[in-house]
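Hello,

Here is the structure we discussed handing over. My notes on it follow below.

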Amino acid sequence: MTYTQATPRSNRITYSLKYLLRSFLVLAAFFVLTLIGGCGSRRVSAPSQPSTASPESIESTKRSTDSTPEPAPPPAASAPSPAPKRSKPSQTPAPAGYLEEGNASWYGVPFNGRRASNGEIYDMYKLTAAHRTLPFETMVRVTNLNNGKSTTVRITDRGPFVDNRIIDLSLAAAREIESVGPGVVPVRVEVLTPGIDPTGGFFTVQVGAFRDQGNAQRLRDRLNLSYSPIFIQQYDSPDGLYYRVRVGKISGEDAARQLGEQLRGREGFTPFVVRLDEGVPSGGN
């Protein structure tokens with residue numbers, strides 16, 4: 001009986017000791033794992049050395065998306081890269097000394113393949129331009145004042161006959177200065193051809209253009225009472241025939257401009273001073 005009664009009590013003591021030992025081992029293991037995990041977390045979150053590739057890639061992205069005329073300065077550790085072509089206006093003065101600023105437009109189809117004012121066939125993929133007063137074959141540099149890009153063109157045509165514009169570029173030239181999308185941009189025009197007199201020669205003042213020849217004749221007859229000579233110049237445009245009424249044959253561009261302002265003030269016209277070209281068909285866009 002004594003042996004039988006003592007056995008359960010002994011078992012309970014043994015079971016309690018085992019339970020305490022097992023709990024201690026579990027807590028010890030948990031503590032060790034927590035300590036190891038904490039060390040691992042500190043190693044992951046510790047600051048690493050900065051990558052040398054990051055600043056270069058950021059700077060490269062900045063240069064590729066920068067829309068300003070001036071290129072971004074290269075990193076100090078790398079060799080300087082060449083500036084993009086025509087990234088800013090050239091500061092070389094025009095040899096002939098002629099400079100003007102105003103708006104430039106461009107023209108392509110339907111004028112492409114038609115005869116220009118100097119007699120040659122207009123090719124919109126060549127670097128040419130129309131100007132109302134500069135002599136044919138004059139080379140000029142045209143700079144887009146919005147982005148600093150420049151192009152060099154040859155004057156082959158007369159125009160534009162639109163107020164507040166001073167030059168009409170070919171499609172190729174407009175692409176070079178990135179003016180195709182805007183259509184009209186502010187520009188600086190500099191004469192590059194030496195030995196010419198841009199303001200010398202004979203000029204006239206255009207005061208109107210009509211589809212109906214009778215309207216052009218009536219305006220000529222009215223102006224004949226106060227001005228002379230007055231003539232009508234026929235222009236075969238892509239939209240059909242136009243009849244341009246022009247006043248005077250004036251020596252010197254300055255005198256022609258004075259007549260134009262007189263016609264503006266007295267008659268209310270929007271005058272265009274145009275060079276009279278000897279020996280070539282008249283025209284323009």
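**Salt bridges**

Arg188 and Glu190 form a salt bridge in this predicted model, with their closest N and O atoms 3.7 Å apart. A salt bridge here is a side-chain nitrogen of Lys or Arg within 4 Å of a carboxyl oxygen of Asp or Glu. Arg188 counts as buried at 15% relative accessibility, and Glu190 counts as buried at 5%. (Buried means under 20% relative accessible area, exposed over 50%, and partly exposed in between, with a 1.4 Å probe and protein chains only.) Salt bridges with shared partners connect Glu101, Arg141, Arg188 and Glu190 into one network.

As for conventions, residues are numbered from 1 along each chain as its sequence is written, and side-chain values use heavy atoms, with hydrogens and water left out. Because the model is predicted, local features need pLDDT of at least 70 and side-chain atom pairs count only at pLDDT 80 or more, while totals for chains, interfaces and linings use all residues.

The structure holds 13 salt bridges. One of them is between the side chains of Glu120 and Arg154, at 3.2 Å, N to O. Glu120 lies in the loop between E1 and E2 and Arg154 in strand E4, so this pair links distant parts of the chain, 34 residues apart. Strands (E, at least two residues) and helices (H or I, at least four) are DSSP runs, numbered from the N terminus. Glu120 is partly exposed, with a relative accessible area of 27%.

Asp277 and Arg158 form another salt bridge, with the closest N and O atoms 2.8 Å apart. Asp277 is in the segment after strand E10 (272-275) and Arg158 is in the loop between E4 and strand E5 (167-170), so the pair ties together parts that are 119 residues apart in sequence. Arg158 is buried, with a relative accessible area of 2%, whereas Asp277 counts as partly exposed at 22% relative accessibility.

**The barrel and strand E4**

Six strands close into a barrel in the order E1-E5-E2-E4-E3-E6, and the pairing is mixed. Neighbouring strands of this sheet are turned by 45° against each other on average, direction ignored. The axes behind such angles are lines fitted to C-alpha atoms, for helices over the stretch in contact, and angles run from 0 to 180 degrees between N-to-C directions. Two strands pair if DSSP finds at least two bridges between them.

Strand E4 covers residues 150-157, and six of its eight residues are buried, so E4 is largely enclosed by the rest of the structure. E4 runs parallel to strand E2 (residues 128-130), joined to it by three bridges; Arg154 in E4 is the bridge partner of Thr128. With strand E3 (residues 139-144), E4 runs antiparallel and is joined by five bridges. Here Val153 in E4 is the bridge partner of Val140. The hairpin of E3 and E4 has five residues between the strands, and in it Gly148 takes a positive phi near 80°.

Thr151 also belongs to strand E4 and counts as buried at 1% relative accessibility. Thr151 and Leu127 are 24 residues apart in sequence and 8.1 Å apart in space, C-alpha to C-alpha.

**The open sheet**

An open sheet of four strands has the order E8-E9-E7-E10, with antiparallel pairing. E8 and E10 stand at the edges with a single partner strand each, so one side of each is left without a neighbour in the sheet. Neighbouring strands of this sheet are turned by 40° against each other on average, direction ignored. E7 and E10 run antiparallel and are joined by four bridges, and Val274 in E10 is the bridge partner of Thr204.

**The largest pocket**

The largest pocket has a volume of about 290 Å³. It is lined by 17 residues, of which Phe111, Phe161, Tyr235, Arg244 and Asn285 are the closest to its centre. On a 1 Å grid over the protein atoms alone, a pocket is an open set of points with protein on both sides within 12 Å along at least five of seven lines, and lining residues have an atom within 4 Å of a point; a cavity is a set where a 1.4 Å probe fits but cannot get out. Grid points are joined across faces, edges and corners, and the volume is the space filled by probe spheres set on the points.

Strands E1 (99-107), E7 (202-210), E8 (230-237) and E9 (240-251) each supply at least two residues of the lining. The lining residues divide into 10 nonpolar, three polar and four charged. Ala, Val, Leu, Ile, Met, Phe, Trp, Tyr, Cys and Pro count as nonpolar, Asp, Glu, Lys and Arg as charged, and the others, Gly among them, as polar.

Regards
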